[in-house]
Amino acid sequence: MGSEGEIQRKPKFLCLHGFRTSGEILKKQVGKWPSSVLDLLDLHFPDGPFPSAGRSEVEGIFDPPFFEWFQFSADMTEYINFDECLSFIEDYMLKNGPFDGLLGFSQGAVLSAALPGLQEKGVALTKVPKIKFVIIVSGAKFLSPLLAEKAYSPSFTCPSLHFLGEEDFLMPAGLELLESFVDPLVINHPKGHTVPRLDEKSLKIMESFIEKISKMIGRD
């Protein structure tokens with residue numbers, strides 16, 4: 001009975017929202033996915049540690065308050081409050097975990113894609129269990145050479161699922177990010193910088209990913 005119960009445990013994801021949005025907004029964005037997917041996952045949606053320091057792109061579409069995970073320079077090579085961000089995420093994982101994986105959109109996707117490598121190098125998330133897999137929606141790499149060296153080398157072997165939008169301004173960066181993962185699964189969609197609905201083809205890819213990661217946690 002014990003092993004059966006373990007196999008039935010849902011993969012538990014920490015979901016990191018986009019820049020100047022919120023956990024509640026990401027919950028609504030992901031909520032467009034069918035219940036056949038959502039019912040198989042245990043999803044948690046915290047707000048970022050910092051209130052929005054400027055105008056949000058989603059004002060008028062979603063209700064405030066809005067939050068951000070960290071701030072950055074105009075050329076996006078310097079990051080402000082980044083250590084505080086990492087501490088905040090680790091504290092949340094300690095209090096609400098353990099978590100199996102990360103799901104991120106936009107700024108949250110940049111974080112989610114870097115955290116397994118930073119954890120592997122002992123730079124971040126040293127007090128929590130290893131991140132086993134990630135879902136990256138509109139992701140990119142950190143542009144700081146020092147941070148990138150720690151985050152993306154060597155390549156991640158953890159299973160990953162990446163959403164790439166044809167009209168997304170981050171599409172080129174998302175393609176480059178794929179190179180840092182071993183055997184990444186990819187869902188291509190025609191939309192822009194958004195969490196897309198799942199069509200028949202992308203639903204099958206998503207279901208195969210969930211089946212794979214569910215078997216992984218069943219063996220833990």
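Student: Starting with the helices, at roughly what angle do the axes of H5 and helix H6 cross?
Tutor: The axes of H5 and H6 (residues 145–152) cross at roughly 75 degrees and come within 6 Å. That makes H5 roughly perpendicular to H6, a label for angles of 65 to 115 degrees (under 35 is roughly parallel, over 145 roughly antiparallel, the rest oblique). Axes here are lines fitted to C-alpha atoms, for helices over the stretch in contact, and angles run from 0 to 180 degrees between N-to-C directions.

Student: And where does this model come from?
Tutor: It's a predicted model: local features need pLDDT of at least 70, side-chain atom pairs count only at pLDDT 80 or more, and totals for chains, interfaces and linings use all residues. Residues are numbered from 1 along each chain as its sequence is written, and side-chain values use heavy atoms, leaving out hydrogens and water. Helices (H or I, at least four residues) and strands (E, at least two) are DSSP runs, numbered from the N terminus.

Student: Back to that pair: which residues of H5 and H6 make the contact?
Tutor: On H5 you've got Ala113, Ala114, Gly117 and Leu118, and on H6 there are Leu147, Lys150, Ala151 and Tyr152. Contact means heavy atoms within 4.5 Å. By type, the contact of H5 with H6 has 6 nonpolar residues, 1 polar and 1 charged. For that count Ala, Val, Leu, Ile, Met, Phe, Trp, Tyr, Cys and Pro are nonpolar, Asp, Glu, Lys and Arg are charged, and the others, Gly among them, are polar.

Student: OK, what about H4 and H5, how do they pack?
Tutor: Helix H4 (residues 82–96) packs with H5 at an angle of about 80 degrees, and their axes are 13 Å apart. So H4 is roughly perpendicular to H5. Phe82, Cys85, Leu86 and Ile89 in H4 meet Leu111, Leu115 and Leu118 in H5. The contact of H4 with H5 divides into 7 nonpolar residues, no polar and no charged.

Student: Switching to the sheet: in what order do the 6 strands run?
Tutor: The order is E2-E1-E7-E8-E9-E10, an open sheet with parallel pairing. E2 (42–44) and E10 are the edge strands, each pairing on one side only. From one strand to the next, the twist averages 15 degrees. Two strands count as paired if DSSP finds at least two bridges between them.

Student: Over how many bridges do E7 and E8 pair?
Tutor: Strand E7 (residues 101–105) and strand E8 (residues 133–137) pair over 5 bridges, in the parallel sense. Glycine 101 sits opposite phenylalanine 133 in E8. Helix H5 (residues 107–120) packs on the sheet and touches E1, E7 and E8, its direction making about 150 degrees with that of E7.

Student: Which strands does H2 lie across?
Tutor: Helix H2 (residues 23–30) lies across E1 (12–16), E2 and E7, at about 90 degrees to E7.

Student: How do E9 and E10 pair, parallel or antiparallel?
Tutor: Parallel: strand E9 (residues 160–165) and strand E10 (residues 185–189) share 5 bridges. Between them the chain goes through helix H7 (residues 171–178), and this β-α-β crossover is right-handed. Right-handed means that, with the strands pointing away from you, the path from the first strand over the helix to the second runs clockwise.

Student: Last one: what does tyrosine 79 touch?
Tutor: Leaving out residues up to four places away in sequence, tyrosine 79 touches Phe70, Gln71, Phe72, Phe142, Leu143, Ser144 and Leu147. Tyrosine 79 is in strand E6 (residues 79–80).
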